[in-house]
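Trainee: I'd like to learn how to read a few features here, starting with charged pairs. Can you take me through them?

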Amino acid sequence: MVNLPGEVLAPERQPGAPLLVTALLPPEIQAWADALRTAHFPPERNRLRAHVTLFHALPPSVEAELIQLLKDLTHNPPPQAQIVGLLKLGKGTALRIESPDMVECHAEIAERMHGLLTRQDAQPPRLHVTIQNKVTSQEARALQAQLGPTLEPRPFRFRGFGLYAWEDGLWRPIKDLHFNR
């Protein structure tokens, strides 16, 4: 589940809710990133667990095709990745991830969804996990100065893909699809 405990969705799925696709983190990276997010994200704005968003707003009409495409991609080995440092977001901070394999997965999905993508989703992704957002520039720089020198590369493999419907700032889980190991 990507929503934090206590965040409640309506019982019924909202019609027309855009679809989001994430790259699923392994449990140890997920727990570490969640702890950083809890410590540094403004609590009143933090409604989601740490996540790597691949697509922000796909039309709900492609759900069945998208599930099949994600399923097909999971027949490949889990993509290698590495947290390589911080990404400065202006008024926030993220963990920067390098993963040519996941970028290639994004490209394959984007090619199949061509003509249906927002401008943001059509561009190659800057893979990251946001751990701080919507703070002052000074707060962001302070966290970057604190974490930057201590952050060491962390290699991992993505577990799979998460598919969600975006509903008023919360994400309704639709399906997790895991890579073959």
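**Salt bridges, sheet and core**

Mentor: Start with Glu63, which forms a salt bridge with Arg13, the closest N and O atoms being 2.5 Å apart. Glu63 sits in helix α2 and Arg13 in the segment before β1, so the pair ties together parts 50 residues apart in sequence. Keep in mind that this is a predicted model: local features need pLDDT of at least 70, side-chain atom pairs count only at pLDDT 80 or more, and totals for chains, interfaces and linings use all residues. Residues are numbered from 1 along each chain as its sequence is written, and side-chain values use heavy atoms, with hydrogens and water left out.

Trainee: What counts as a salt bridge, and how many are there by this rule?

Mentor: You need a side-chain nitrogen of Lys or Arg within 4 Å of a carboxyl oxygen of Asp or Glu. That gives 5 salt bridges. One of them joins Arg172 and Glu167, at 2.9 Å from N to O.

Trainee: Is Glu167 buried or exposed?

Mentor: Buried means under 20% relative accessible area, exposed over 50%, partly exposed in between (1.4 Å probe, protein chains only). Glu167, at 2%, is buried, and Arg172 is buried too, at 13%. Arg13 is partly exposed at 35%. With contact meaning heavy atoms within 4.5 Å, Glu167 touches Leu9, Glu12, Arg13, Gln14, Ala17 and Arg172, leaving out residues up to four places away in sequence.

Trainee: Where does Glu167 sit, and what is the strand order of the sheet?

Mentor: Helices (H or I, at least four residues) and strands (E, at least two) are DSSP runs numbered from the N terminus, and two strands pair if DSSP finds at least two bridges between them. Glu167 belongs to β7, and its bridge partner in β8 is Leu170. The open sheet has 4 strands in the order β2-β1-β7-β8, paired antiparallel. β2 (52-58) and β8 (170-178) are at the edges with a single partner strand each, so one side of each has no neighbour in the sheet.

Trainee: Which residues touch the most other members of the largest nonpolar core?

Mentor: Such a core is a set of buried Ala, Val, Leu, Ile, Met, Phe, Trp, Tyr and Cys residues joined through side-chain atoms within 4.5 Å. Among the 40 residues of the largest one, Phe158 and Phe161 touch the most other members. Helix α2 (residues 63-73) gives the most to this core, with 5 residues. Another core, of 6 residues, lies apart from it, with Val2, Leu20, Leu24 and Tyr164 among them.
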